[in-house]
Amino acid sequence: SDFTRNRKQSFSGALLFMMNRITKTLSIEIDNFIQVLNQNKISSACGLFTKSAFVQYRKKIKAEVFKQLSDNLVNEFYTDNEENIRLWRGFRLLSVDGSRLTLPNTKELQNEFGIARNQTDSTVTQGRISVLYDVLNNFVIDSILSPLSQSEKELALGHLNYSKKGDLILYDRGYPSFEMMYEHRKLNIDFLFRVQSNFNNQVKSFISSKMQTQMVKIYPGKKSKLTDKEYSKNDFILVRLNKVILPDGAIEVLISSLLDLVKYPNNLFKDLYFRRWKVELYYDELKNKLQVGNFSGYSKQTILQDFNSSIFVSNIQTLLVSQINEELKSGQEKTKYQYKVNANVSYGILKNRILELFFSDKPMEEITYVIKEILKQHTIPIRLNRQYARDNGKYSKRTKPRVTKNQKDAI
């Protein structure tokens, strides 16, 4: 029975308003939104509405709508764009990584997501993020914002519903286990894990040996509870160990399902694993450039709406910017650096113009051409092989974040 009456704010208008990144106070954002619609002569999509009307209206919209829109966008890219899909030796190269997101410190969100403590016993409300990310094509295939009670491994197993044969998924040291490898093998999905030096006795022996690669059988751990599992303690998975020597002489071990020594020689694996770093960079983009933690409300539904809409907007940005970056490559053969679109600036430019993409009567090709030409004016050089020392203690003295209601930036 919802969305059937002719209101000043339409269903599609409400979605576009949320997608346009509500980072300032609602009154300012609504005024800006209506002005943009009027300037582009697309005011018929949405009339003047109040802050109270929008708050009531958004309660009727499920956060899953943005996830569905994002899924449709990504699926269309992979089905109708075969010549432009980047692969690694025939694989769609994906990576899974988790992070935490600080939420408004309300009782409702504390109960829904959980709290985290630091060494001073102060608490913050946080949720756990996990994304399945295409590190070559820069799309988020799947994303989850869950309570802290769910582990990164649990969320990673959920991402497998969005994976398929022909995918190769890269993981950091927090993910490897027999169960993870078993679930990948069951679905015929290839994997590569970085493991800790004490992962099991086979890894310890491999590190002390002179071998660079070795095939081993991985069994469930002796202390594993297998009462609800499909496998027994006698089941095993044949995997390959690879040794990677870091510049400081340290040894890292990778476990993978890539068993063919000829097709996948040992010297490929260092660069292959390094490609996982793109998912780490994505979190910087999501948190610092898209400001996913700058929420427009304080309910669980609002938090999920903002999170899912941010993922959708990031995939729209990827679709536009990746095409421009490909165009920029031509003609840069003789320049000192290759250039790419400034991602931070691109989100600022996309704000408001995203309304034209969905509401304007102009042809889509005309709108995207104008946006692309603007984005081409904001490029930065790609400086390869830059390294920075990791400062593990820089957040050790952080204070409890303050979240003050109705006092977001007005400009």
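The model is predicted, so local features need pLDDT of at least 70 and side-chain atom pairs count only at pLDDT 80 or more, while totals for chains, interfaces and linings use all residues. Residues are numbered from 1 along each chain as its sequence is written, and side-chain values use heavy atoms, leaving out hydrogens and water.

Let us start with helix H4 (residues 64-80) and helix H11 (residues 300-329), which pack at an angle of about 20 degrees with their axes 8 Å apart. That makes H4 roughly parallel to H11 (a label for angles under 35 degrees). H4 passes H11 in a left-handed crossing, meaning that the near helix is turned anticlockwise from the far one by less than a right angle.

Which residues of H4 and H11 make the contact? On H4 they include Phe66, Leu69, Leu73 and Phe77, and on H11 they include Ile311, Phe312, Ile316 and Leu319; contact here means heavy atoms within 4.5 Å. By class, the contact of H4 with H11 has 9 nonpolar, 5 polar and 2 charged residues.

Now to the loops. Arg89 is found between H4 and strand E1 (92-102), and has a positive phi of about 50 degrees although it is not a glycine. Arg89 counts as partly exposed because its relative accessibility is 47% (partly exposed lies between buried, under 20%, and exposed, over 50%, with a 1.4 Å probe and protein chains only).

Gln291 sits in the loop between helix H10 (277-289) and H11. Gln291 is not a glycine either, yet has a positive phi of about 55 degrees. With a relative accessible area of 36%, Gln291 is partly exposed.

Conventions:
Axes are lines fitted to C-alpha atoms, for helices over the stretch in contact, and angles run from 0 to 180 degrees between N-to-C directions. Helices (H or I, at least four residues) and strands (E, at least two) are DSSP runs, numbered from the N terminus. Angles under 35 degrees count as roughly parallel, over 145 as roughly antiparallel, 65 to 115 as roughly perpendicular and the rest as oblique. Ala, Val, Leu, Ile, Met, Phe, Trp, Tyr, Cys and Pro count as nonpolar, Asp, Glu, Lys and Arg as charged, and the others, Gly among them, as polar.
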